[in-house]
Amino acid sequence: MRKDPLPLKEMGEEEKPECLSCTGPKPKPMKKLLLCFLFSLPFFSIIGQTIPPERIEKFKADVLIEVEKNATLGQQINDMLFSFSELGFQEKETFTYLTTLLEKNGFTLQREVAGIPTAWTAIWGSGKPVIALGSDVDCIPKASQKPGVAYHDPIVEGAPGHGEGHNSGQALNIITALAMKKIMERDKIVGTLMLWPGIAEELLATKAYYVRAGIFKDVDACIFTHVASNFGVNYGDGGYQGMISVKFNFEGAAAHAAAAPWRGRSALDAVELMNVGWNFRREHLELTQSSHYVISDGGDQPNVVPSKASVWYYFRERTYPAIKTLFDKGIKTAEGAALMTDTKFTYEILGAAWPAHFNKPMAEVTFANIKKVGLPKWSEEDQLLAKATQIEMKAKVQGLAIKLDTMGMPNPPGVVNIMGRSLVSLAGGSDDIADISWSVPTIVLTYPSNIPGLPGHHWSDAISMATPIAHKGIVAGAKVEALTLVDLFTRPDILKQSWEYYKTVQTKDQQYIPLVGEKDNPAITLNKKIMEENAPKLKPFYYNPARYKTYLEQLGITYPTLRADQKEAIQKLTTSPQK
Ligand SMILES: [Zn+2]
């Protein structure tokens, strides 16, 4: 069971900062010495629970300036990760680049955490509170796309690409952390920053293992950032489905498919029968479930009865017990298929995610900061790219967001009444940040770096991700995150309330029971072959910031690039606006 954040460490004699660091309002001569002394000590330990609001405002103003100064670095990190285009568990270039960068900037690195070769933590500072900043880094299969081009034009045909925008979150977190570090050093603010990456998020495959490895055991709060097309933060039930990712491996016996088929027992038949069985079963499952599969191994060639075949399922539901029930039904269906084909099967868990629950006090503080920062100012070129992409994808032609979203309210777990039965509300999508949200007060801050109305997990979602749209979104997001960090580091009442909410509301009736067992291991070989094939093709296109200001410049792309018909369609829209 977690405790409240520990009191901040007392400062030893040798740590006493110089009065030079005082930047507060000028005190009157008589009180000067005392005030200077007060301001120069770690805030929580000397002033107890309160720092004058004007002092906090000064920190905030200063940290915003520092974030602005880091805008170019943010652009470089973003464009670099975009160019690496690495799939989950194979984020090798990303790993080397980010860990080197953070180490150079004074962070202490722990590499290959939780038994995952591309995972790491980067820690700076000392004492409590410990605030974690996380964001995903993996990309999407077959989503390679030139940035700034409003139609399908891959950098490398068939290669992975950032068709989700996970190249941007670490850029945001790092420029925030560096800005915050500067302010904390200057003003001797006590506390610790911990940066970490969401590895293989698209496979929902690591964060439960981070929790199991105890990476968050000393963390007091976690801010997770995720790309979107507007700012956002919510609390309570996150509206996610939890899920379990399972591969069923069937084993039969090989035989000549034409000369002696009666001697064979087809593992592929078992896979197909399992899928047929599951598809019939769907009609009689709760309406809140969703499940999908791919045949990850269907045999080698038609004239050999497949002795081995595998099918990979995602079973999604809205609550932990419902996920377990759905998974059990999946196992039963596999048993049935094995029985029908005289084959055997085993299964392996490749990933898992809980339904999420986000922290109310943290969300409220963050939302206030979103309102302060506001959306970036989009240029005409940005809007043009967005509209042309929306036309291309047959989405509503609305351009980029110019109005802030409201704060997300809880998706009430319950209350859809169907035929007198109370069902939890429907939802879609999962994120394994959920597992962390059950371990420590957590929020997800979404920031506007993408174009509204796109399908998601698609090459079109990569179009904006190494352009000024993403770059501006990162800086705006970093400002919100930095302001929130100032709040968390200087106002212990917020963390106290966050833990109260965690204990008395979030975990009152629900305890976290991991979906991954003690014997399960991170599926670190996933995507290995695909990346081995594609990394050499992508390498010539890796971003070189020493030679090119931006990745757009390196690729020689005119921003934005539109086809003649797209330009014409936009022209028509401006003369006769959409109804
Ligand atoms: Zn994502």
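A crossing of two helices is called left-handed here if the near helix is turned anticlockwise from the far one by less than a right angle, and right-handed if clockwise. With that settled, some notes on the chain.

1. Ground rules. This is a predicted model, in which local features need pLDDT of at least 70 and side-chain atom pairs count only at pLDDT 80 or more, while totals for chains, interfaces and linings use all residues. Residues are numbered from 1 along each chain as its sequence is written.

2. The overall tally. The protein chain has 17 helices and 14 strands, taken as DSSP runs (H or I, at least four residues, for helices; E, at least two, for strands) and numbered from the N terminus. Of its 579 residues, 51% count as buried, that is, with 20 or more other C-beta atoms within 10 Å of their own, C-beta atoms being placed from the backbone. Take the contacts between residues at least 6 apart in sequence: 82% of them join residues at least 24 apart. Contact means that the two C-beta atoms, placed from the backbone, lie within 7 Å.

3. The six-stranded sheet. It is open, has mixed pairing and runs in the order S1-S2-S4-S3-S5-S14; strands pair if DSSP finds at least two bridges between them. S1 (108-111) and S14 (442-448) are the edge strands with a single partner each, so one side of each has no neighbour in the sheet. Neighbouring strands are turned by 20° against each other on average, direction ignored. For angles, axes are lines fitted to C-alpha atoms (for helices, over the stretch in contact), and values run from 0 to 180 degrees between N-to-C directions.

4. The S1 end of that sheet. S1 and S2 (residues 120-126) run antiparallel and are joined by four bridges, with Leu-109 opposite Ala-122 in S2. Helix H5 (residues 92-104) packs on this sheet, touching S1, S2 and S4 (191-198), and its direction makes about 155° with that of S1.

5. The four-stranded sheet. This one is also open, but its pairing is antiparallel, in the order S8-S9-S7-S10. S8 (290-297) and S10 (344-353) sit at the edges; each has a single partner strand, so one side of each is left without a neighbour. S7 (residues 242-251) and S10 are joined by nine bridges, and Met-243 stands opposite Ala-353 in S10.

6. H8 (residues 267-281) lies across S7, S8, S9 (308-317) and S10, at about 20° to S9. H9 (residues 320-341) touches S7, S8, S9 and S10 as well, its direction making about 15° with that of S7.

7. H6 on H13. H6 (residues 169-187) and H13 (residues 468-490) pack at about 45°, axes 8 Å apart. The pair is therefore oblique: under 35 degrees would be roughly parallel, over 145 roughly antiparallel, and 65 to 115 roughly perpendicular, with the rest oblique. The crossing is right-handed. Among the residues that meet are Ala-171, Leu-172 and Ile-175 in H6 and Ile-474, Gly-477 and Ala-478 in H13.

8. H4 on H13. H4 (residues 71-84) packs on H13 at about 125°, with the axes 9 Å apart, which makes the two helices oblique. This is where the opening definition comes in: H4 and H13 cross in a right-handed sense. Ala-71, Gly-74, Gln-75 and Asn-78 in H4 meet residues of H13 including His-471, Ile-474 and Ala-478.

Conventions
A residue is buried if 20 or more other C-beta atoms lie within 10 Å of its own, exposed if 12 or fewer, and partly exposed in between; C-beta atoms are placed from the backbone.
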